[in-house]
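Please look over the fold shown here.

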Amino acid sequence: MTATTDRLEVPVGAGAPPLAGQSGAAMTFRWITNQVPTILGIHERHGDIASIRFANGRGGVLTRSPDDIKQLFTAPPELVPTSTANSPIGPFVGESSLLTLNGSQHLRHRKLLLPPFHGDRMRGYADDIATIANTEIDRWQAGELRKLQPGMQSVTLEVILRIVFGVDDAARHEALRRAIVQLLGLTERPALLLPTFIAAVRWGKLIGPVKRYAAQVDELIHREIELRRSATDLEQRHDVLSMLLTARDEDGEPMSDQELRDELVTILFAGHETTASALAWSFERLVRTPAAMDLATEAARGSDPDGVLDAVFQETLRNRPVVPVTARLLKRPFTLSGYELPKNTLTVISILGVNHHPARFDDPHLFRPERFIGEKPDAYAWIPFGGGVRRCIGAAFAQLEGRIVLREVLRRATLEAVHPADEVRKRRNVTTVPGGGALVRLARLTD
Ligand code: HEM
(Lines give C-alpha, C1' and ligand atoms only; values in the text may rest on other atoms or scores of the structure.)
Protein backbone atom coordinates (compact mmCIF):
# COMPACT_ATOMS: atom_id res chain seq x y z
CA MET A 1 0.00 0.00 0.00
CA THR A 2 1.29 3.49 -0.79
CA ALA A 3 -0.03 6.76 0.61
CA THR A 4 -1.48 9.16 -1.98
CA THR A 5 -2.77 12.07 0.11
CA ASP A 6 -1.74 15.73 -0.20
CA ARG A 7 0.02 15.53 3.18
CA LEU A 8 3.32 14.33 1.78
CA GLU A 9 3.09 11.05 3.61
CA VAL A 10 5.81 8.49 3.29
CA PRO A 11 5.30 5.68 0.78
CA VAL A 12 5.10 2.50 2.87
CA GLY A 13 4.51 -1.22 2.45
CA ALA A 14 5.34 -3.62 -0.34
CA GLY A 15 6.49 -1.80 -3.46
CA ALA A 16 7.82 1.23 -1.56
CA PRO A 17 11.51 1.95 -0.98
CA PRO A 18 12.77 0.63 2.38
CA LEU A 19 12.07 2.93 5.30
CA ALA A 20 15.19 4.45 6.85
CA GLY A 21 14.76 4.44 10.62
CA GLN A 22 11.46 4.15 12.43
CA SER A 23 10.77 7.19 14.55
CA GLY A 24 9.84 10.39 12.70
CA ALA A 25 10.84 12.60 15.63
CA ALA A 26 14.28 10.98 15.86
CA MET A 27 14.81 11.39 12.11
CA THR A 28 13.83 15.09 12.27
CA PHE A 29 16.27 15.66 15.10
CA ARG A 30 19.12 13.80 13.34
CA TRP A 31 18.33 15.50 10.02
CA ILE A 32 18.65 18.94 11.60
CA THR A 33 21.55 18.31 13.97
CA ASN A 34 23.63 15.58 12.28
CA GLN A 35 22.65 15.65 8.63
CA VAL A 36 25.79 14.42 6.82
CA PRO A 37 26.33 11.16 8.77
CA THR A 38 22.56 10.58 8.69
CA ILE A 39 22.39 10.81 4.88
CA LEU A 40 25.60 8.85 4.28
CA GLY A 41 24.38 6.19 6.75
CA ILE A 42 21.04 5.84 4.90
CA HIS A 43 22.86 5.23 1.59
CA GLU A 44 25.27 2.79 3.22
CA ARG A 45 22.39 0.73 4.57
CA HIS A 46 19.85 1.09 1.75
CA GLY A 47 21.81 2.02 -1.40
CA ASP A 48 20.43 4.59 -3.86
CA ILE A 49 16.92 5.11 -2.54
CA ALA A 50 15.07 4.96 0.79
CA SER A 51 11.87 6.30 2.30
CA ILE A 52 12.34 8.83 5.07
CA ARG A 53 9.80 9.84 7.67
CA PHE A 54 9.96 13.07 9.65
CA ALA A 55 7.99 14.24 12.70
CA ASN A 56 4.18 14.45 12.34
CA GLY A 57 4.18 11.67 9.73
CA ARG A 58 5.47 13.81 6.84
CA GLY A 59 8.25 12.60 4.67
CA GLY A 60 9.12 11.22 1.27
CA VAL A 61 12.03 9.49 -0.42
CA LEU A 62 15.75 10.22 -0.57
CA THR A 63 17.53 9.30 -3.82
CA ARG A 64 21.13 9.46 -4.99
CA SER A 65 20.54 7.60 -8.27
CA PRO A 66 21.95 9.59 -11.26
CA ASP A 67 19.15 8.16 -13.44
CA ASP A 68 16.46 9.33 -11.00
CA ILE A 69 18.16 12.71 -10.78
CA LYS A 70 18.30 13.03 -14.56
CA GLN A 71 14.60 12.23 -14.74
CA LEU A 72 13.76 14.85 -12.12
CA PHE A 73 16.00 17.58 -13.57
CA THR A 74 14.70 17.11 -17.12
CA ALA A 75 10.98 16.68 -16.29
CA PRO A 76 8.64 19.59 -17.17
CA PRO A 77 8.88 21.95 -14.17
CA GLU A 78 5.13 21.88 -13.48
CA LEU A 79 5.44 18.13 -12.78
CA VAL A 80 8.30 18.56 -10.29
CA PRO A 81 7.84 21.91 -8.56
CA THR A 82 9.92 22.95 -5.58
CA SER A 83 8.40 22.76 -2.11
CA THR A 84 10.79 25.32 -0.61
CA ALA A 85 7.88 27.62 0.29
CA ASN A 86 6.83 24.96 2.82
CA SER A 87 10.36 24.41 4.11
CA PRO A 88 12.15 26.33 6.90
CA ILE A 89 13.57 28.65 4.20
CA GLY A 90 10.14 29.89 3.06
CA PRO A 91 9.39 32.55 5.71
CA PHE A 92 12.93 33.97 5.50
CA VAL A 93 12.96 34.65 1.79
CA GLY A 94 9.27 35.39 1.20
CA GLU A 95 6.70 34.50 -1.44
CA SER A 96 8.32 36.40 -4.32
CA SER A 97 11.65 34.62 -4.09
CA LEU A 98 13.21 32.56 -6.84
CA LEU A 99 13.63 29.85 -4.24
CA THR A 100 9.91 29.60 -3.44
CA LEU A 101 8.16 30.62 -6.68
CA ASN A 102 6.88 28.06 -9.17
CA GLY A 103 5.44 28.20 -12.69
CA SER A 104 5.38 31.33 -14.85
CA GLN A 105 6.36 33.65 -11.97
CA HIS A 106 9.46 31.54 -11.32
CA LEU A 107 10.41 31.80 -14.99
CA ARG A 108 9.79 35.56 -15.00
CA HIS A 109 12.07 36.07 -11.98
CA ARG A 110 14.79 33.81 -13.44
CA LYS A 111 14.88 35.87 -16.62
CA LEU A 112 15.10 39.10 -14.62
CA LEU A 113 17.79 37.83 -12.26
CA LEU A 114 20.06 35.84 -14.57
CA PRO A 115 21.81 38.59 -16.62
CA PRO A 116 23.93 40.13 -13.83
CA PHE A 117 25.22 36.69 -12.84
CA HIS A 118 26.43 35.66 -16.30
CA GLY A 119 28.87 36.46 -19.09
CA ASP A 120 30.77 39.71 -19.33
CA ARG A 121 28.68 41.50 -16.73
CA MET A 122 29.63 38.87 -14.19
CA ARG A 123 33.29 38.74 -15.25
CA GLY A 124 33.40 42.50 -14.77
CA TYR A 125 33.22 41.87 -11.00
CA ALA A 126 36.53 39.92 -10.91
CA ASP A 127 38.74 42.88 -9.88
CA ASP A 128 36.35 43.93 -7.11
CA ILE A 129 36.36 40.39 -5.73
CA ALA A 130 40.19 40.32 -5.76
CA THR A 131 40.32 43.67 -3.91
CA ILE A 132 37.86 42.43 -1.27
CA ALA A 133 39.88 39.20 -0.81
CA ASN A 134 43.13 41.17 -0.40
CA THR A 135 41.60 43.49 2.20
CA GLU A 136 40.83 40.37 4.24
CA ILE A 137 44.32 38.86 3.73
CA ASP A 138 45.91 42.17 4.82
CA ARG A 139 44.48 41.50 8.31
CA TRP A 140 46.38 38.22 8.65
CA GLN A 141 49.74 37.77 10.44
CA ALA A 142 52.53 35.40 9.38
CA GLY A 143 52.98 32.55 11.87
CA GLU A 144 49.52 32.79 13.42
CA LEU A 145 46.92 30.05 13.73
CA ARG A 146 43.73 31.25 12.05
CA LYS A 147 40.24 29.92 11.42
CA LEU A 148 39.52 30.77 7.80
CA GLN A 149 35.74 30.26 7.88
CA PRO A 150 35.02 33.67 9.55
CA GLY A 151 37.34 35.45 7.10
CA MET A 152 35.65 33.78 4.14
CA GLN A 153 32.27 34.82 5.61
CA SER A 154 33.50 38.43 5.69
CA VAL A 155 34.73 38.23 2.09
CA THR A 156 31.52 36.77 0.65
CA LEU A 157 29.32 39.14 2.68
CA GLU A 158 31.37 42.09 1.46
CA VAL A 159 30.97 40.83 -2.12
CA ILE A 160 27.19 40.80 -1.67
CA LEU A 161 27.03 44.19 0.06
CA ARG A 162 29.19 45.91 -2.55
CA ILE A 163 28.54 44.01 -5.78
CA VAL A 164 24.93 42.93 -5.29
CA PHE A 165 23.44 45.60 -3.02
CA GLY A 166 25.88 48.33 -4.08
CA VAL A 167 25.90 50.00 -0.65
CA ASP A 168 28.68 52.59 -0.81
CA ASP A 169 27.76 54.77 2.16
CA ALA A 170 29.99 53.65 5.07
CA ALA A 171 27.38 54.04 7.85
CA ARG A 172 24.57 52.28 5.96
CA HIS A 173 27.01 49.58 4.87
CA GLU A 174 28.07 48.96 8.47
CA ALA A 175 24.47 48.93 9.78
CA LEU A 176 23.42 46.36 7.20
CA ARG A 177 26.52 44.22 7.70
CA ARG A 178 26.05 44.20 11.46
CA ALA A 179 22.33 43.30 11.23
CA ILE A 180 23.03 40.43 8.83
CA VAL A 181 25.87 39.03 10.95
CA GLN A 182 23.65 39.19 14.07
CA LEU A 183 20.78 37.39 12.31
CA LEU A 184 22.96 34.64 10.87
CA GLY A 185 24.80 34.21 14.16
CA LEU A 186 21.47 33.64 15.91
CA THR A 187 20.27 30.95 13.56
CA GLU A 188 23.55 29.10 14.04
CA ARG A 189 22.56 28.14 17.58
CA PRO A 190 20.95 24.65 17.52
CA ALA A 191 18.71 25.50 20.49
CA LEU A 192 17.16 28.32 18.46
CA LEU A 193 17.41 26.65 15.07
CA LEU A 194 15.21 23.68 15.97
CA PRO A 195 12.15 25.66 17.20
CA THR A 196 12.67 28.22 14.40
CA PHE A 197 12.64 25.47 11.76
CA ILE A 198 9.62 23.77 13.31
CA ALA A 199 7.62 27.05 13.53
CA ALA A 200 8.61 27.95 9.96
CA VAL A 201 7.38 24.62 8.61
CA ARG A 202 4.29 24.34 10.82
CA TRP A 203 3.00 27.94 10.75
CA GLY A 204 4.96 29.41 7.87
CA LYS A 205 6.36 32.23 10.01
CA LEU A 206 9.39 33.34 11.96
CA ILE A 207 9.33 33.52 15.76
CA GLY A 208 11.26 35.02 18.67
CA PRO A 209 14.63 36.75 18.30
CA VAL A 210 15.06 35.44 14.74
CA LYS A 211 11.88 37.31 13.78
CA ARG A 212 13.12 40.53 15.41
CA TYR A 213 16.54 40.46 13.77
CA ALA A 214 15.09 39.47 10.40
CA ALA A 215 12.75 42.50 10.62
CA GLN A 216 15.76 44.75 11.23
CA VAL A 217 17.54 43.39 8.12
CA ASP A 218 14.31 43.85 6.14
CA GLU A 219 13.97 47.47 7.19
CA LEU A 220 17.53 48.27 6.10
CA ILE A 221 17.06 46.51 2.76
CA HIS A 222 13.82 48.38 2.10
CA ARG A 223 15.65 51.62 2.82
CA GLU A 224 18.35 50.74 0.27
CA ILE A 225 15.69 49.99 -2.36
CA GLU A 226 13.95 53.29 -1.65
CA LEU A 227 17.19 55.29 -1.83
CA ARG A 228 18.33 53.55 -5.00
CA ARG A 229 14.99 54.15 -6.71
CA SER A 230 15.63 57.86 -6.37
CA ALA A 231 19.26 57.66 -7.61
CA THR A 232 19.94 59.62 -10.78
CA ASP A 233 22.89 57.50 -11.96
CA LEU A 234 21.14 54.09 -12.13
CA GLU A 235 22.17 53.42 -15.73
CA GLN A 236 25.86 53.99 -14.90
CA ARG A 237 25.90 51.86 -11.76
CA HIS A 238 27.23 48.29 -11.96
CA ASP A 239 25.71 46.74 -8.84
CA VAL A 240 23.06 44.05 -9.20
CA LEU A 241 20.33 46.00 -7.36
CA SER A 242 20.64 48.92 -9.80
CA MET A 243 20.42 46.49 -12.73
CA LEU A 244 17.34 44.84 -11.24
CA LEU A 245 15.71 48.25 -10.79
CA THR A 246 16.13 49.02 -14.48
CA ALA A 247 15.26 45.47 -15.67
CA ARG A 248 11.87 44.88 -17.34
CA ASP A 249 10.02 41.62 -17.93
CA GLU A 250 8.52 40.56 -21.27
CA ASP A 251 5.48 42.79 -20.64
CA GLY A 252 7.72 45.77 -19.90
CA GLU A 253 6.95 45.58 -16.16
CA PRO A 254 9.59 46.36 -13.50
CA MET A 255 10.01 44.43 -10.24
CA SER A 256 7.99 45.68 -7.27
CA ASP A 257 9.63 46.68 -3.96
CA GLN A 258 8.45 43.44 -2.37
CA GLU A 259 9.85 41.37 -5.24
CA LEU A 260 13.17 43.21 -4.98
CA ARG A 261 13.30 42.71 -1.20
CA ASP A 262 12.56 39.00 -1.51
CA GLU A 263 15.20 38.51 -4.23
CA LEU A 264 17.87 40.49 -2.36
CA VAL A 265 17.26 38.44 0.77
CA THR A 266 17.31 35.30 -1.40
CA ILE A 267 20.69 36.18 -2.90
CA LEU A 268 22.03 37.00 0.55
CA PHE A 269 20.61 33.80 1.98
CA ALA A 270 21.59 31.55 -0.94
CA GLY A 271 24.88 33.15 -1.93
CA HIS A 272 26.75 34.31 1.15
CA GLU A 273 27.28 31.40 3.53
CA THR A 274 27.29 28.83 0.72
CA THR A 275 30.25 30.39 -1.07
CA ALA A 276 32.08 31.14 2.20
CA SER A 277 31.68 27.54 3.38
CA ALA A 278 32.84 26.15 0.02
CA LEU A 279 35.97 28.31 0.23
CA ALA A 280 36.62 27.32 3.85
CA TRP A 281 36.29 23.66 2.86
CA SER A 282 38.71 24.18 -0.05
CA PHE A 283 41.41 25.27 2.41
CA GLU A 284 40.48 22.55 4.91
CA ARG A 285 40.88 19.94 2.14
CA LEU A 286 44.03 21.44 0.61
CA VAL A 287 46.05 21.61 3.84
CA ARG A 288 45.36 17.89 4.36
CA THR A 289 46.21 16.89 0.78
CA PRO A 290 49.81 18.03 0.11
CA ALA A 291 49.91 16.98 -3.58
CA ALA A 292 46.74 19.00 -4.29
CA MET A 293 48.11 21.94 -2.27
CA ASP A 294 51.34 21.96 -4.33
CA LEU A 295 49.35 21.88 -7.56
CA ALA A 296 46.99 24.65 -6.44
CA THR A 297 49.77 26.89 -5.11
CA GLU A 298 51.72 26.59 -8.35
CA ALA A 299 48.56 27.46 -10.29
CA ALA A 300 47.82 30.48 -8.05
CA ARG A 301 51.36 31.83 -8.48
CA GLY A 302 51.35 31.29 -12.23
CA SER A 303 48.80 31.73 -15.00
CA ASP A 304 46.88 28.47 -14.34
CA PRO A 305 46.44 27.47 -17.99
CA ASP A 306 44.89 24.09 -17.07
CA GLY A 307 42.21 25.48 -14.79
CA VAL A 308 43.58 23.84 -11.64
CA LEU A 309 41.89 26.33 -9.30
CA ASP A 310 38.50 25.69 -10.92
CA ALA A 311 39.13 21.95 -10.47
CA VAL A 312 40.00 22.48 -6.78
CA PHE A 313 36.74 24.34 -6.21
CA GLN A 314 34.74 21.73 -8.14
CA GLU A 315 36.30 18.85 -6.23
CA THR A 316 35.65 20.65 -2.94
CA LEU A 317 31.99 21.04 -3.87
CA ARG A 318 31.86 17.32 -4.77
CA ASN A 319 33.68 16.05 -1.70
CA ARG A 320 32.20 18.56 0.77
CA PRO A 321 28.96 19.81 -0.84
CA VAL A 322 27.83 22.72 1.29
CA VAL A 323 24.16 22.16 0.42
CA PRO A 324 23.66 18.42 1.00
CA VAL A 325 20.16 18.05 -0.49
CA THR A 326 17.53 19.73 -2.63
CA ALA A 327 13.96 18.58 -3.22
CA ARG A 328 11.13 18.27 -5.74
CA LEU A 329 7.46 17.42 -5.26
CA LEU A 330 6.02 14.83 -7.66
CA LYS A 331 2.86 16.15 -9.31
CA ARG A 332 2.20 12.86 -11.06
CA PRO A 333 3.34 9.29 -10.32
CA PHE A 334 7.01 8.69 -11.20
CA THR A 335 9.07 5.50 -11.34
CA LEU A 336 12.33 6.15 -9.51
CA SER A 337 14.95 3.41 -9.01
CA GLY A 338 12.25 0.89 -10.04
CA TYR A 339 9.74 2.04 -7.40
CA GLU A 340 6.39 3.47 -8.46
CA LEU A 341 6.01 6.58 -6.39
CA PRO A 342 2.59 8.22 -6.07
CA LYS A 343 1.65 11.81 -6.82
CA ASN A 344 2.63 14.18 -3.99
CA THR A 345 5.69 12.23 -2.92
CA LEU A 346 8.36 14.63 -1.69
CA THR A 347 11.59 13.58 -3.39
CA VAL A 348 14.75 14.63 -1.62
CA ILE A 349 17.67 14.63 -4.06
CA SER A 350 20.80 13.53 -2.24
CA ILE A 351 23.48 15.91 -3.55
CA LEU A 352 25.85 14.51 -0.94
CA GLY A 353 25.00 10.92 -1.89
CA VAL A 354 25.35 11.23 -5.66
CA ASN A 355 28.51 13.33 -5.37
CA HIS A 356 30.01 10.26 -3.65
CA HIS A 357 28.34 7.66 -5.85
CA PRO A 358 30.77 4.71 -6.09
CA ALA A 359 29.66 3.93 -9.66
CA ARG A 360 30.44 7.47 -10.85
CA PHE A 361 33.57 8.46 -8.93
CA ASP A 362 36.69 6.39 -8.21
CA ASP A 363 37.66 6.55 -4.53
CA PRO A 364 34.72 8.91 -3.93
CA HIS A 365 35.79 9.88 -0.43
CA LEU A 366 39.27 11.02 -1.51
CA PHE A 367 39.92 14.68 -2.38
CA ARG A 368 41.47 14.61 -5.86
CA PRO A 369 41.08 17.84 -7.89
CA GLU A 370 42.86 16.14 -10.84
CA ARG A 371 39.61 14.33 -11.64
CA PHE A 372 38.23 17.63 -12.98
CA ILE A 373 41.29 18.96 -14.79
CA GLY A 374 40.30 18.99 -18.46
CA GLU A 375 37.12 17.06 -17.58
CA LYS A 376 33.64 18.54 -17.53
CA PRO A 377 31.69 17.37 -14.47
CA ASP A 378 28.81 14.92 -15.08
CA ALA A 379 25.54 16.95 -15.00
CA TYR A 380 23.64 14.28 -13.03
CA ALA A 381 26.35 13.02 -10.66
CA TRP A 382 28.22 16.26 -9.82
CA ILE A 383 25.30 18.40 -8.67
CA PRO A 384 26.43 20.79 -5.90
CA PHE A 385 24.35 23.51 -7.62
CA GLY A 386 21.28 21.30 -8.26
CA GLY A 387 19.95 21.15 -11.82
CA GLY A 388 17.25 21.70 -14.42
CA VAL A 389 15.26 24.96 -14.44
CA ARG A 390 16.01 25.40 -10.77
CA ARG A 391 19.78 25.11 -11.05
CA CYS A 392 21.50 27.69 -8.85
CA ILE A 393 21.55 31.04 -10.68
CA GLY A 394 24.70 31.97 -8.79
CA ALA A 395 26.69 28.88 -9.88
CA ALA A 396 28.95 30.69 -12.36
CA PHE A 397 29.34 33.66 -10.01
CA ALA A 398 30.22 31.41 -7.04
CA GLN A 399 32.83 29.59 -9.15
CA LEU A 400 34.34 32.89 -10.30
CA GLU A 401 34.47 34.07 -6.69
CA GLY A 402 35.90 30.70 -5.61
CA ARG A 403 38.68 30.81 -8.19
CA ILE A 404 39.67 34.41 -7.43
CA VAL A 405 39.70 34.06 -3.64
CA LEU A 406 41.66 30.78 -3.86
CA ARG A 407 44.14 32.48 -6.18
CA GLU A 408 44.65 35.53 -3.96
CA VAL A 409 45.01 33.52 -0.73
CA LEU A 410 47.36 30.88 -2.18
CA ARG A 411 49.37 33.52 -4.04
CA ARG A 412 50.14 35.36 -0.82
CA ALA A 413 49.88 32.77 1.96
CA THR A 414 51.51 29.41 2.65
CA LEU A 415 49.00 27.40 4.64
CA GLU A 416 49.60 24.35 6.79
CA ALA A 417 47.33 21.99 8.72
CA VAL A 418 47.28 22.41 12.50
CA HIS A 419 45.64 19.03 13.21
CA PRO A 420 46.07 16.13 10.77
CA ALA A 421 42.52 14.77 11.26
CA ASP A 422 39.76 15.96 8.91
CA GLU A 423 37.49 18.59 10.42
CA VAL A 424 34.02 17.26 11.21
CA ARG A 425 31.09 18.46 9.11
CA LYS A 426 28.86 20.78 11.09
CA ARG A 427 25.57 22.32 10.11
CA ARG A 428 25.34 26.10 10.03
CA ASN A 429 21.88 27.25 8.93
CA VAL A 430 21.31 25.38 5.65
CA THR A 431 24.99 24.81 4.86
CA THR A 432 27.58 22.27 6.01
CA VAL A 433 30.70 23.93 7.39
CA PRO A 434 34.07 22.69 8.72
CA GLY A 435 33.51 22.02 12.43
CA GLY A 436 36.89 23.49 13.41
CA GLY A 437 36.32 26.68 11.38
CA ALA A 438 38.97 25.61 8.78
CA LEU A 439 41.85 26.17 11.19
CA VAL A 440 45.26 26.64 9.52
CA ARG A 441 48.75 27.85 10.36
CA LEU A 442 49.80 30.80 8.20
CA ALA A 443 53.39 29.64 7.72
CA ARG A 444 54.36 32.49 5.37
CA LEU A 445 52.63 35.58 4.08
CA THR A 446 53.64 38.08 1.39
CA ASP A 447 52.23 41.50 0.42
C1 HEM B 1 29.19 27.53 -3.60
C2 HEM B 1 28.15 28.30 -3.58
C3 HEM B 1 26.74 27.86 -3.83
C4 HEM B 1 26.17 26.62 -3.74
C5 HEM B 1 26.83 25.31 -3.35
C6 HEM B 1 24.78 26.77 -4.12
C7 HEM B 1 23.88 25.72 -4.17
C8 HEM B 1 22.56 25.85 -4.60
C9 HEM B 1 21.63 24.76 -4.70
C10 HEM B 1 21.92 23.30 -4.38
C11 HEM B 1 20.46 25.26 -5.14
C12 HEM B 1 19.17 24.47 -5.41
C13 HEM B 1 19.15 24.01 -6.88
C14 HEM B 1 18.08 22.98 -7.20
O15 HEM B 1 17.14 22.78 -6.43
O16 HEM B 1 18.21 22.35 -8.27
C17 HEM B 1 20.63 26.68 -5.32
C18 HEM B 1 19.66 27.54 -5.77
C19 HEM B 1 19.81 28.89 -5.84
N20 HEM B 1 20.97 29.61 -5.59
FE21 HEM B 1 22.78 28.85 -5.13
N22 HEM B 1 24.53 28.09 -4.41
C23 HEM B 1 25.70 28.78 -4.26
C24 HEM B 1 25.90 30.13 -4.48
C25 HEM B 1 24.92 31.01 -4.87
C26 HEM B 1 25.13 32.41 -5.15
C27 HEM B 1 26.48 33.13 -5.09
C28 HEM B 1 23.90 32.94 -5.44
C29 HEM B 1 23.53 34.34 -5.80
C30 HEM B 1 24.19 35.09 -6.55
C31 HEM B 1 22.93 31.86 -5.38
C32 HEM B 1 21.59 31.99 -5.64
C33 HEM B 1 20.71 30.94 -5.76
C34 HEM B 1 19.30 31.10 -6.12
C35 HEM B 1 18.59 32.42 -6.35
C36 HEM B 1 18.74 29.82 -6.18
C37 HEM B 1 17.30 29.43 -6.54
C38 HEM B 1 17.22 29.05 -8.03
C39 HEM B 1 15.83 28.63 -8.47
O40 HEM B 1 15.10 28.01 -7.69
O41 HEM B 1 15.49 28.91 -9.63
N42 HEM B 1 23.59 30.71 -5.03
N43 HEM B 1 21.93 27.02 -5.00
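## A pair of strands, then the rest

Thr 414 stands opposite Arg 444, a residue of strand E12. This is a predicted model, in which local features need pLDDT of at least 70 and side-chain atom pairs count only at pLDDT 80 or more, while totals for chains, interfaces and linings use all residues. Residues are numbered from 1 along each chain as its sequence is written.

Some terms come first. Helices (H or I, at least four residues) and strands (E, at least two) are DSSP runs, numbered from the N terminus. Two strands pair if DSSP finds at least two bridges between them.

**The three-stranded sheet.** E4, E12 and E9 form an open sheet in the order E4-E12-E9. The pairing is antiparallel. Strand E4 (145-147) and strand E9 (413-417) are the edge strands, and each pairs on one side only. Neighbouring strands here are turned by 45° against each other on average, direction ignored. Axes are lines fitted to C-alpha atoms, for helices over the stretch in contact, and angles run from 0 to 180 degrees between N-to-C directions.

E12 covers residues 439-445 and is joined to E4 by three bridges. Five bridges join E9 to E12. Bridge partners across these sheets and the next include the following.

| Residue | Bridge partner | Strand of the partner |
|---|---|---|
| Arg 146 | Val 440 | E12 |
| Lys 147 | Leu 439 | E12 |
| Ala 20 | Ile 52 | E2 |

**The five-stranded sheet.** Five strands make another open sheet, in the order E1-E2-E3-E8-E5, with mixed pairing. Strand E1 (19-20) and strand E5 (325-329) stand at the edges with a single partner strand each, so one side of each has no neighbour in the sheet. E1 and strand E2 (residues 49-53) run parallel, joined by two bridges.

H13 lies across E9 and E12, running at about 70° to E9. Two residues are in contact if their C-beta atoms, placed from the backbone, lie within 7 Å.

The largest nonpolar core has 115 residues. Such a core is a set of buried Ala, Val, Leu, Ile, Met, Phe, Trp, Tyr and Cys residues joined through C-beta atoms within 7 Å. A residue is buried if 20 or more other C-beta atoms lie within 10 Å of its own, exposed if 12 or fewer, and partly exposed in between, with C-beta atoms placed from the backbone. H13 gives the most to this core, with 15 residues. Among the members that touch the most others are Ile 52, Ala 280 and Phe 283. Leaving aside neighbours within four places in sequence, Phe 283 is in contact with Leu 148, Leu 415, Ala 438 and Val 440.

Phe 269 also sits in helix H13. Is Phe 269 buried or exposed? Phe 269 is buried, because 20 other C-beta atoms lie within 10 Å. Phe 269 touches Phe 92 and Val 93, not counting residues up to four places away in sequence. Val 93 is 176 residues from Phe 269 along the chain, yet their C-alpha atoms are separated by 7.7 Å.

**Around the ligand.** The ligand is surrounded by 26 residues, and the closest are Gly 271, Thr 326, Gly 386, Cys 392 and Gly 394. A residue counts as near if its C-beta atom, placed from the backbone, lies within 6 Å. Helix H13 (257-287) and helix H17 (395-412) are the elements that give two or more residues to this shell. H13 gives the most, with seven residues.
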